Amino acid sequence: MQPLILVPTNNQPTLFQIINSPVGGLWPTRGAMRYITGKALSLAHLASTTLNIKRFQVMICVSIGRTRHRMMIAEQRALAERGAKLIELRLDWLAHQPDLKRLLNDRPTPVVISCRRPQDQGKWKGTEDQRQTLLRSAIVAGVEYVDIELDIARSIRRYGTTKRIISHHDFERTPDNIEEIHEALCAADADVVKLVTMANSPTDCVRLLKLIEKSKVPTVAFCMGELGVYSRVLCRRFGAPFTYATFSSERELAPGQLSFDEMQKLYRYDAISKSTKLFGVLGDPVAQSLSPKLHNTAMAAAGVDGVYLPLRVPPDQFSESLDALSDLGFTGFSVTIPHKEAILAKYPLTDDFVREIGAANTAYRDADGLWRTANTDYQAAMDALMTVYDPSESLTGKRVLLLGSGGAARAIGTGVTKAGGILVVSSRTAKRASTLAELLKCRAVTWENRGSEYADILINCTPLGMYPNMNESPYQSNWLRDEMVVFDTVYNPEQTLLIKDSLLRGCRVVSGIEMFIRQAAAQFRYFTGQEASLETLRATLRKGISVVKVDD
């Protein structure tokens with residue numbers, strides 16, 4: 001009788017697709033086999049409607065790599081208490097011969113056993129025969145999952161109820177023939193396919209996520225490295241039965257791996273579905289951006305079904321990466337260095353003011369599905385600056401010295417001139433300062449002479465003083481006057497050396513946090529149509545900054 005194989009459908013959780021039978025079609029869970037046991041189902045069994053099917057529980061698999069059995073066991077228990085549902089034990093990390101009985105007895109969660117070879121960036125020091133014997137022993141012991149590399153899949157047979165994860169890793173690239181590799185994995189008697197490659201472009205991630213969506217065999221696929229971080233989170237949205245995380249951010253077992261807490265609390269992995277809206281921050285670099293903390297916290301507080309991700313995009317891959325991300329379903333981007341000008345060329349639909357500035361920090365789909373750009377730096381900076389003035393006051397006639405010549409300086413400088421301020425710009429690059437001054441129709445002063453310029457307001461738009469270079473300042477303390485207003489757009493740390501010097505001098509100060517949370521709130525409005533609490537954003541940003549300092 002014709003054996004059947006059934007797989008879960010992506011959009012109808014109570015139905016399963018028969019993929020190798022002439023009857024085809026969708027069948028209800030009642031009367032289907034338990035697919036994850038790997039057993040076939042006959043037409044007679046299907047007709048009897050007596051068996052129940054158990055779908056893969058979508059979850060986070062947390063990898064543990066420790067040299068001692070005691071620590072591996074302790075961390076598994078600690079993770080179970082924190083809510084982990086599946087744990088990978090990396091046997092190759094153990095300093096002594098793995099004791100499976102000790103590791104598996106009284107285990108608090110289901111377990112994946114893996115033992116990586118040096119050629120797969122693993123630490124196994126024994127022979128290949130010993131390694132394969134260890135994997136077979138784990139199967140005989142009844143472990144829930146065993147990870148088997150594709151090239152040895154035929155050497156390790158199915159036995160009992162252990163499910164087979166057939167895997168392939170490429171730590172250098174995402175091969176052009178990735179679809180063929182995936183087909184070979186699916187054909188190797190796999191209960192789950194695991195396909196992990198190194199991302200050399202954001203588009204590599206898109207290729208793997210699309211494989212998950214199309215696969216007839218449950219597939220875990222994502223990219224490693226900083227370019228691939230977002231695929232580790234989004235694989236659930238495209239149908240992966242689980243993703244991988246590490247015990248803590250200090251113990252990364254693979255490039256770009258996120259911690260269990262980050263997956264669970266920051267990105268709310270368990271809540272991601274096909275309807276989850278996708279947003280992110282575009283930059284290069286982007287790893288230290290605190291925007292994901294702000295936006296994900298704000299979405300959780302507002303009840304928005306969305307996730308906001310770090311998207312490192314190299315400048316030479318900008319256009320094709322945005323096309324791929326848009327095709328994947330992203331509907332909003334925060335834009336940071338070095339893409340604030342390139343985003344305008346990519347998505348030219350915007351207002352005249354943004355064209356005048358020549359830089360945007362926000363891209364979003366409008367009600368008609370068209371990409372538009374905006375600049376929230378300008379209004380955020382003006383609103384932050386005015387917090388130290390009475391409501392009746394304005395910038396009209398005030399002398400403003402602006403340090404810097406990048407996108408933020410351009411936006412803020414435009415705002416100052418429109419508000420009636422008398423602007424002077426200064427940059428470490430004289431040519432850029434002259435270009436900006438010409439654009440803003442104001443005067444430029446050399447970097448060496450910036451201290452001799454009389455100013456009512458000093459605005460720093462350079463990165464000087466930013467973490468980790470916190471002992472730097474763009475302006476000497478003896479140049480400060482007690483009646484000055486000092487606005488430092490650097491937000492990490494909040495108390496920059498410039499802000500500290502200004503407070504000691506008796507100046508009124510505005511920290512970069514005030515601008516950052518306001519521009520983020522405006523972006524949130526573009527992305528979701530809802531308001532974000534400035535208090536929530538401020539508290540989240542301050543907490544994020546303190547964590548960065550402690551982690552260092």
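**Reading a predicted model: cavity, cores and backbone**

Me: Which element gives the largest share of the lining of the largest cavity?

Reply: Strand 17 does, with three residues. Bear in mind as we go that this is a predicted model. Strand 17 spans residues 399-403, and strand 18 (422-426) also gives two or more residues to that lining.

Me: How many cavities of 30 Å³ or more does a search of the whole structure find?

Reply: Start with the general idea. Rolling a probe the size of a water molecule over the atoms shows where empty space is left. Here the search finds one cavity of 30 Å³ or more, and about 40 Å³ of space lies in the largest cavity.

Me: Let's turn to the cores. Which residues touch the most other members of the largest nonpolar core?

Reply: The general idea again comes before the case. In soluble globular proteins, nonpolar side chains tend to be buried together. The largest nonpolar core here has 84 residues, and I113, Y230, L234, L282, F330 and F333 touch the most other members. Helix 6 (residues 202-214) gives the largest share of this core, six residues. Another core, of 30 residues, lies apart from it; its members include M382, V400, A409 and I457.

Me: What does L234 touch?

Reply: Leaving out residues up to four places away in sequence, L234 touches L209, L278, V307, L309, L328 and F330.

Me: Is helix 17 mostly covered or mostly uncovered?

Reply: Helix 17 is mostly covered, with 14 of its 17 residues buried. From first C-alpha to last, helix 17 (residues 512-528) reaches 24 Å, close to the 24 Å expected at 1.5 Å a residue.

Me: Next, the backbone. Which residues other than glycine have a positive phi?

Reply: Most residues other than glycine have a negative phi, and most peptide bonds are trans. Among those with a positive value here are R268, with phi near 45°, and K441, with phi near 55°. R268 sits in the loop between helix 8 (260-266) and strand 12, while K441 is in the loop between helix 15 (430-440) and strand 19 (443-444).

Me: Is K441 buried or exposed?

Reply: K441 counts as exposed because its relative accessibility is 76%, and the cut-off for exposed is over 50%.

Me: Where are the cis peptide bonds?

Reply: One runs from D284 to P285, with omega near 5°; another runs from I337 to P338, also with omega near 5°. P285 is in the loop between strand 12 (277-283) and helix 9 (291-302). P338 is in the loop between strand 14 (330-335) and helix 11 (342-346).

Definitions and conventions
Residues are numbered from 1 along each chain as its sequence is written. This is a predicted model: local features need pLDDT of at least 70, side-chain atom pairs count only at pLDDT 80 or more; totals for chains, interfaces and linings use all residues. Side-chain values use heavy atoms; hydrogens and water are left out. Helices (H or I, at least four residues) and strands (E, at least two) are DSSP runs, numbered from the N terminus. The expected span of a helix is 1.5 Å times one less than its number of residues. Buried means under 20% relative accessible area, exposed over 50%, partly exposed in between (1.4 Å probe, protein chains only). On a 1 Å grid over the protein atoms alone, a cavity is a set of points where a 1.4 Å probe fits but cannot get out, and a pocket is an open set with protein on both sides within 12 Å along at least five of seven lines; lining residues have an atom within 4 Å of a point. Grid points are joined across faces, edges and corners, and a volume is the space filled by probe spheres set on the points. A nonpolar core is a set of buried Ala, Val, Leu, Ile, Met, Phe, Trp, Tyr and Cys residues joined through side-chain atoms within 4.5 Å. Contact means heavy atoms within 4.5 Å.
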